[in-house]
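The sequence and the model are shown first, and the description follows.

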Amino acid sequence: MMDARAFSSHSDASVAAATTDQNVEQCRSGNNSEATIMEKPRRWHDVFWSGMFVIHLIGFGFVLVVLGLNRFKKKNRLDIDKYTYRFMENQAGLTEDYWPVYAVAGLVGTALGCCWLSLLGSCATLMMKVSVHILTTYLAVISVLSFWAEQVFWGVAFAIGACLQLLYVISVIDRLPFTMLVLQKAVKMVWNLPEVMKVAHAFVLLLLSWMVLWSFGVAGVVASSMGDGGRWWLLVVLSVSLFWTGAVLCNTLHVVVSGIVFLANVHYSKESSSFPTKSLMKSLQYALTTSFGSICYGSLFTAVIRTMRWQIRGVRAKIGNNECLLCCVDFLFHMVETLVRFFNKYAYVQIGVYGKSFNHSARDAWELFQSTGVEALVAYDCSGAIMLMGTIFGGLITGTCAGAWAWIKWSNRAFMIGSMSMLMGMMLVGVAMVVVESAVTSIYVCYAEDPLSIHRWDPEFFNQISETLNQRLQHRSKRVSEVLTHNQLDNLVRSNTSV
């Protein structure tokens, strides 16, 4: 059995090494043409989804203006209340009563996002550790406060969130050192590219501009004369719209940053850190034109599927020997893994660099990782989850600030205002987090396509990531051998029993 394990481990490592060598040779011959990648004409992809997003943006923008104006300085200015009389339960207010609270939420979220970008070079690792360890406590505290305020739904929701967060951190505690190493290198990479920081600040301001209009409409909804049930349903629809809009802006920044980082990494050399001319403007131009439809399409599903994958991985690692529960979780796990092949964040690197469609990019990225063995590193890394924790933590701080003010003035609508403010904070902080996450995805794609580009940039990091990849491949081979041996023993026992 030991021979079989050793042979299996050696075979997987040899296949990965051979494929990596092949990629290295291909990239050596192709490095001369990399500079012209951004100059090649590109086809438009997923135009339908870009059209749907633009129509959605115009339609919801009009609705937000109407909802906000109806209660601005005059009650029922546009005579909309005649459609909501039968839902009337609470005393109506004015848009400007609630709009300042959302303005505070926007300012807090923007400040947190800008602080994150500003502190990238000095204490980003500390901020990531704080996000990992303090989020569980913060969720638990808000859960207790929600029960104290007799908000049972929110108390249960935050309690479940705290339990899931704690379970996930426990399940990945052994992966955190490697994850922190990758995040440190990603921060170092983006910090040396001032163009990236300028684009990130611009996108934060762009998202904030849309939130000014969004919060104006939401303030009008909160001030409307309809009952709480009607308000909540309308706010949920507007929240989905904000989530899609925020995801599109974040992923557009993802495409721009990953394209810049990828090309900068490929062209890096110790003698002269050459960088393709006009790459920033070209990458931004393609992201907003030919690739915009692919970004809109991927933004609908990628974030949800990634979150499901992280949580299921965490639960799966802590189930133990409960075969019934393990079978159910394995079914969900394989279903989500199948979806990941079609919706993964690494597709955005392929979109930014090569201008492919989203499905084509996602499939190519996943096949590249599997053929080189880098998929083992991607599965082991949990940097995306840490970025999500930081985003949620920023959203919770924003929601707490706005909710506390709302509780003092309107206690019956504090959770309504706080939840919308939390979503605003998550979107604004998420734009800042995308910068680092884009660098992480570019590192893995660069390592899979051209390992020498990582070696030229940081030889020590190249050795560390290669050693970790070798360990993960050996671990995977060992598990495969154990499963095969276990199945053989089960078949032998069944045959003996039947005899």
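Thr441 has its place in helix α17 (residues 414–449); here helices (H or I, at least four residues) and strands (E, at least two) are DSSP runs, numbered from the N terminus. The model is a predicted one, in which local features need pLDDT of at least 70 and side-chain atom pairs count only at pLDDT 80 or more, while totals for chains, interfaces and linings use all residues. Residues are numbered from 1 along each chain as its sequence is written, and side-chain values use heavy atoms, with hydrogens and water left out.

Is Thr441 buried or exposed? With a relative accessibility of 0%, Thr441 counts as buried, the term buried meaning under 20% relative accessible area, exposed over 50%, and partly exposed in between (1.4 Å probe, protein chains only). Apart from neighbours within four places in sequence, Thr441 is in contact with His254, Lys345, Tyr346 and Val349, where contact means heavy atoms within 4.5 Å.

## Salt bridges

Lys345, one of the contacts of Thr441, also takes part in a salt bridge with Glu437. A salt bridge is defined as a side-chain nitrogen of Lys or Arg within 4 Å of a carboxyl oxygen of Asp or Glu, and a search of the whole structure finds five of them.

| Residues | N to O distance |
|---|---|
| Lys188 and Asp458 | 3.7 Å |
| Lys345 and Glu437 | 3.5 Å |
| Lys356 and Asp364 | 2.8 Å |

The salt bridge between Asp458 and Lys188 links distant parts of the chain, 270 residues apart: Asp458 is in the loop between α18 (451–457) and α19 (459–498), and Lys188 is in helix α6 (residues 176–191). Asp458 is buried, at a relative accessible area of 7%, whereas Lys188 counts as partly exposed at 38% relative accessibility.

The side chains of Lys345 and Glu437 meet in another salt bridge. Lys345 lies in the loop between α12 (323–342) and α13 (347–354) and Glu437 in helix α17, so this pair ties together parts that are 92 residues apart in sequence. Both Lys345 and Glu437 are buried.

Lys356 and Asp364 also meet through their side chains in a salt bridge.

## Aromatic rings

How many aromatic pairs does the structure hold? It holds 20 aromatic pairs. Rings of Phe, Tyr and Trp (its six-membered ring) pair if their centres lie within 6.5 Å; planes under 30 degrees apart count as stacked, over 60 as edge-to-face and the rest as tilted. The ring centres of Phe153 and Trp154 are 5.4 Å apart and their planes stand at 80°, so this pair is edge-to-face. Phe153 is exposed, with 62% relative accessible area, but Trp154 counts as buried at 18%. One aromatic cluster is formed by Phe48, Trp49, Tyr297, Tyr348 and Phe358.

Ala149 is in the loop between α4 (120–148) and α5 (152–171) and is buried, with a relative accessible area of 17%. Not counting residues up to four places away in sequence, Ala149 touches Trp407 and Phe415. Along the chain Ala149 and Phe415 are 266 residues apart, and their C-alpha atoms are separated by 9.8 Å.

Ser209, found in helix α7 (residues 194–222), counts as partly exposed at 46% relative accessibility. Its C-alpha atom is separated by 9.6 Å from that of Gly106, 103 residues apart along the chain.

The structure holds zero disulfides, a disulfide being a pair of cysteine sulfur atoms within 2.5 Å. Cys163 is exposed, with a relative accessible area of 54%, whereas Cys250 is buried, with 11%.

## Confidence of the model

The predictor's confidence in each residue is given as pLDDT, from 0 to 100. The protein has a mean pLDDT of 78, and 74% of its residues reach 70 or more. Among its elements, helix α2 (residues 47–69) has the highest mean pLDDT (92) and helix α1 (residues 2–34) the lowest (42). The pLDDT is below 50 over residues 1–35, a stretch with 39 contacts in the model beyond near neighbours in sequence. Over residues 269–275 pLDDT also stays under 50, and the model has seven contacts beyond four places in sequence for them.
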